[in-house]
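Please keep the sequence and the structure in view while reading.

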Amino acid sequence: MKAKFGSKIGLVAATVGSAVGLGNIWRFPAEAQANGGAAFLLLYIACVFLLGIPVMVSEFALGRGGQSDAVGSFKNLGASKPWWSVGALAVLASYMILCFYMVVAGWTFEYLWQSITGSLYDGIDSATSAPFAAKMNGFIADGWNASINTYIVLALNIGILLFGVRKGIERLSNIMMPLLFILLLVFCGVALTLDRASDGVEFFLNPDFSKITPRVALNALGQAFFSLSLGMGILITYASYYPPTTILTRTALTVSLLDMLVAILMGMIIFPAVMTFNLTGEGLEGASLVFITLPEVFTHMPGTQLWSILFFLLLMVAALTSTISISEVSIAFLQDRFKLSRVKAVLMAMLPLILFSTICAYSQSDSFSDIRIAGMTIFDTLDFLATNICLPIGSIFLCIYVGWFAPKGFLYRELTNDGDVTSHVFNVLLFIVRYVAPILIGLILIGVFI
Ligand code: TRP
């Protein structure tokens, strides 16, 4: 018998655990800042509701209906061969994401370590402008330093995957995620009392519609899918553990709302701080934003070091629960396709990352940051291709399969739990999955290139 999630809370918590990660805390604020603040937030929320939730329900339906992982579920439902090849895209996307995600997890580890030793706050002179920017930029400027930290989290990741303590980590995250949430509420309270908090809130919540361009729309779409863990079939596997009584639409709504809430809370923390401490301009934006801004907020709280340790510790766990879920895509692929043992598959999937994430880490360093592809560093290029191209294309295929090719009545059965409950949204969802999602995602993708 297949294992099932024990309780309703457990199943939602596990799915939220996969969704909440560096995507919400590190990536979202940086994207929002680069894409015009409130205008981006608005598009992101629209993408979550109109596209993210229907795609999530489709992944859930496939997983619970197919009772297996991404490839197996397609097979069990009798899909013909070409559908499985969508899986190849997922493996590619997961691998590209791992390359840069590990680097950011490495930064998190460094900041956790420096919070523990206290060196993060040593010699910080709040009279100089942006002291933490100097610290962070100095840290990533040295590619070797950043790489070492990346290897440490890579080793942690391999350890968790090899020794099968995954379950333990997930149970830990079920306790730590609510704690992270409470912590963010506290920080939000502090940030909103900062001097220029209202300017930050204005930037984050009052949209300037002239900022909306096709590229901003694509970035919002990518962020929504990245943050909700969509487009690589990961949630197919999660849903295969759902009991037959789970109401898929309600679960998708709960998970998406919680995930969005974490992102929005981050915005409400970061932008008041950005305005108050004048953290805009060259070298202050982009990937290092959170690492520059949050320590500033902590120095304005009594017990600075303690808050800092707690935050980076929780972020580290959130990052690890996400890296193990992303790694599993390549590992499962190697195990199934080449009939490798677990240990071999883990090592074969993970060891090349030593090289690839070193390249990513160095691409942000002083010596290599001028190597650019279409204006982006290698780090940003991988992120762009995986998040904004692969995840949306994967989702289009998923919607086309579920909407048009899955066995007749399949989606209806899954949404109504085989007729046990009535689904008020079935027709709307089917319409979105068949027409709106594939067409709209396609148009947003094409819009950027014309
Ligand atoms: N959603 C996670 C985050 O926000 C990252 C992640 C985990 C992910 N699993 C995924 C992204 C699957 C895309 C697909 O950090």
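## Two loop residues with positive phi

Asn-417 is found in the loop that runs between helix H19 (410–415) and helix H20 (426–449). The model is a predicted one, and in it the phi angle of Asn-417 is near 50 degrees, a positive value in a residue other than glycine. Is Asn-417 buried or exposed? Asn-417 counts as buried because its relative accessibility is 7%, and the cut-off for buried is under 20%.

Ser-229 also has a positive phi, of about 60 degrees, although it is not a glycine. Ser-229 belongs to the loop between helix H11 (214–227) and helix H12 (234–239). With a relative accessible area of 14%, Ser-229 is buried.

## A buried asparagine in a helix

Asn-24 is located in helix H2, which covers residues 22–34. Its relative accessibility is 0%, and therefore Asn-24 counts as buried.

Which residues does Asn-24 touch, leaving aside those up to four places away in sequence? They are Ala-19, Pro-29, Ser-227, Asp-259, Val-262, Ala-263 and Met-266.

## The nonpolar core

The largest nonpolar core contains 163 residues, and the members that touch the most others are Tyr-44, Trp-107 and Phe-311. Helix H6 (residues 86–117) contributes the most to this core, with 19 residues.

Residues up to four places away in sequence are not counted here; Phe-311 then touches Ile-25, Leu-180, Leu-183, Leu-184, Phe-187, Leu-294 and Phe-298.

## The chain as a whole

How many helices and strands does the protein chain have? There are 20 helices and 0 strands. Of its 450 residues, 57% count as buried. Considering contacts between residues at least 6 apart in sequence, 84% join residues at least 24 apart.

The C-alpha atoms fill a box of roughly 65 × 50 × 45 Å, taken along the principal axes. The radius of gyration is 21 Å, which agrees with a compact globule, because such a globule of 450 residues would have a value near 22 Å.

## Surface and charge

The accessible surface of the protein chain is about 18,100 Å², and carbon and sulfur atoms account for 68% of it.

Methods
Residues are numbered from 1 along each chain as its sequence is written. This is a predicted model: local features need pLDDT of at least 70, side-chain atom pairs count only at pLDDT 80 or more; totals for chains, interfaces and linings use all residues. Side-chain values use heavy atoms; hydrogens and water are left out. Helices (H or I, at least four residues) and strands (E, at least two) are DSSP runs, numbered from the N terminus. The radius of gyration is taken over C-alpha atoms; the globule rule is 2.2 Å times the number of residues to the power 0.38. Buried means under 20% relative accessible area, exposed over 50%, partly exposed in between (1.4 Å probe, protein chains only). Contact means heavy atoms within 4.5 Å. Accessible areas come from the Shrake-Rupley method with a 1.4 Å probe; for residues, only the protein chains shown count as cover. A nonpolar core is a set of buried Ala, Val, Leu, Ile, Met, Phe, Trp, Tyr and Cys residues joined through side-chain atoms within 4.5 Å.
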